[in-house]
Amino acid sequence: MIAIPFAALVMGFLAVYVLVPPVPPRWADYVAIAIIAGLDAFVGAARNWLERRFDEAIFISGFFVNMALAALLAFFGDKLGVDLYLAVVVALGIRIFNNLGRTRALLVTARLEARRAGMPASSD
Amino acid sequence: MKSGARHWLLPLTAVCIVLGGMLGIQVRSQKERGEMQVGRQTSALVGMLTRTEAQLEQQREETGRLRALLAQYEEEAASERGLVRVMREELQASRIALGAVAVRGPGIELELADSTRRSIGGIGAEDLYVIHDADLLQVANELWAAGAEAVALNGQRLVTGSSIACSARLIEVNGVAIASPFLFQAIGDKDKLVSALNIRGGVLDGLRLLEFPVKLTTNDEITIPPLSVTPKHIYAQPVERESKQ
């Protein structure tokens, strides 16, 4: 089941890589920051999933809206001559790191609990 | 969790497609950027190569010329009189370039004077209607650029090392003070000289705009005097070249 999203990721990558012409260099920064925002939504979703409060509406909306907002913020920063780009990178970077750490902690805890209960660790 | 799979599978797939696509864009354009830089470096290298080849070609020509000259010397060496003639010719060419002899030939005469227009007032405003050393330098430069072979300003021969400098209200050429009106004489291709001076937006264009009297005439017989004082070389010494080959 998990293979379907993974396949989608690869297919999306290949389709765009082959079909879409490269974006102008000044857009590259915005695309990069949108990717960071998407990654943040992804990691956040993983954490929520483990904490059993995952909601697909929040995930989907968070993914797309954060992506757009991050790119927009960077764009406005460029227009104002302020490196808001950096602020976005730092903020998102810290969040991704926090969420990754939290996810790891949850996974380890779950594994330890499973072992203590005398059951083999299962991954849902 | 199998029953609840549907509610995350679809959004996750959609998100993955988008994320994959964006990664695709980014990787693709980063790659393009790198290739562009390589292209730029390549074109710079090609430019260097072309320049070097041009220099090489020039030096080859120079070598050929010198070899021919050497052959000529050797040939003329047989008869002493021939050698003397060749050397005299070369000496003559050097003398013309140095301004050591008067020269004659077709060319142009250019007369410039301070503007008839007077400034309405204001300190320093009248400077606008006076010929400056920079104007004369610009004219001289324009003449050389148009291939003038000999140039004189108010009877002062302009050669390498000649200066046109401002000193108080006068202008010094080769250390001799001159004043308006200024007369340039130049020997060379008349048409070329005239069109170079009259070029749109050039020095004469600017002077005419401010109502400076400018008189440009061509002449088939212009005589340009030699340099009044031959420059002395106190510090510069020729380098003896050992010609062992």
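Here, a residue is called buried when its relative accessible area is under 20%. With that in hand, let's walk through this predicted model of chains A and B.

**Confidence**

Chain A comes out with a mean pLDDT of 85, and 95% of its residues reach 70 or more. Within chain A, the highest confidence belongs to α4(A), at 90, while helix α1 (residues 3-19) of chain A is lowest, at a mean of 85. For chain B the average pLDDT is 82, with 90% of the residues scoring at least 70.

Start with α4(A), which runs over residues 84-116. Which residues of α4(A) are buried? They are A:V88, A:L92, A:I96, A:N99, A:T103, A:L106 and A:A114. Residues three or four places apart on an α-helix point the same way, because there are 3.6 residues a turn. The buried residues of α4(A) pack against α2 (25-50) and α3 of chain A. Just after α4(A), A:G118 takes a positive phi of about 75°.

Over on helix α3 of chain A sits A:A71. Its relative accessibility is 17%, so A:A71 counts as buried. Beyond residues up to four places away in sequence, A:A71 touches A:Y30 and A:I33. What separates A:A71 from A:I94 in sequence and in space? The two are 23 residues apart along the chain, and their C-alpha atoms lie 17 Å apart.

A:F76 is also found in helix α3 (residues 56-80) of chain A. With 46% relative accessibility, A:F76 is partly exposed. Together with A:V65, A:L69, A:L72 and A:F75, A:F76 makes a nonpolar surface patch of about 450 Å².

B:T13 belongs to helix α1 (residues 6-77) of chain B. Is B:T13 buried or exposed? It counts as buried, because its relative accessibility is 15%. Setting aside neighbours within four places in sequence, B:T13 is in contact with A:I4, A:P5 and A:A8.

Most residues other than glycine have a negative phi, and most peptide bonds are trans. Chain B has some exceptions, including B:N154, with a positive phi of about 50°, and B:N174, also with a positive phi of about 50°. Here they are side by side:

| Residue | Phi | Loop in chain B | Relative accessibility |
|---|---|---|---|
| B:N154 | about 50° | between β2 (150-153) and β3 (156-158) | 27% |
| B:N174 | about 50° | between β5 (170-173) and β6 | 26% |

B:N154 counts as partly exposed because its relative accessibility is 27%, and B:N174 is partly exposed too, at 26%.

Then there's the peptide bond joining B:S180 and B:P181, which is cis, with omega about 5°. B:P181 is found in the loop between β6 (176-178) and β7 of chain B.

Notes:
Residues numbered from 1 in each chain as written. Chains lettered and ligands numbered in written order. Predicted model: local features only at pLDDT ≥ 70, side-chain atom pairs only at ≥ 80, totals over all residues. Heavy atoms only, no water. pLDDT = per-residue confidence, 0-100. Patch = residues over 30% accessible without salt bridge, like charges linked within 9 Å, V, L, I, M, F, W, Y side chains within 5 Å. Areas by Shrake-Rupley, 256 points an atom, 1.4 Å probe, with all protein chains shown as cover. Salt bridge = Lys/Arg side-chain N within 4 Å of Asp/Glu carboxyl O. Helix = DSSP H or I, 4+ residues; strand = E, 2+ residues; numbered from the N terminus. Buried < 20%, exposed > 50% of the residue type's maximum accessible area, 1.4 Å probe, protein only. Contact = heavy atoms within 4.5 Å. Expected span 1.5 Å × (residues − 1).
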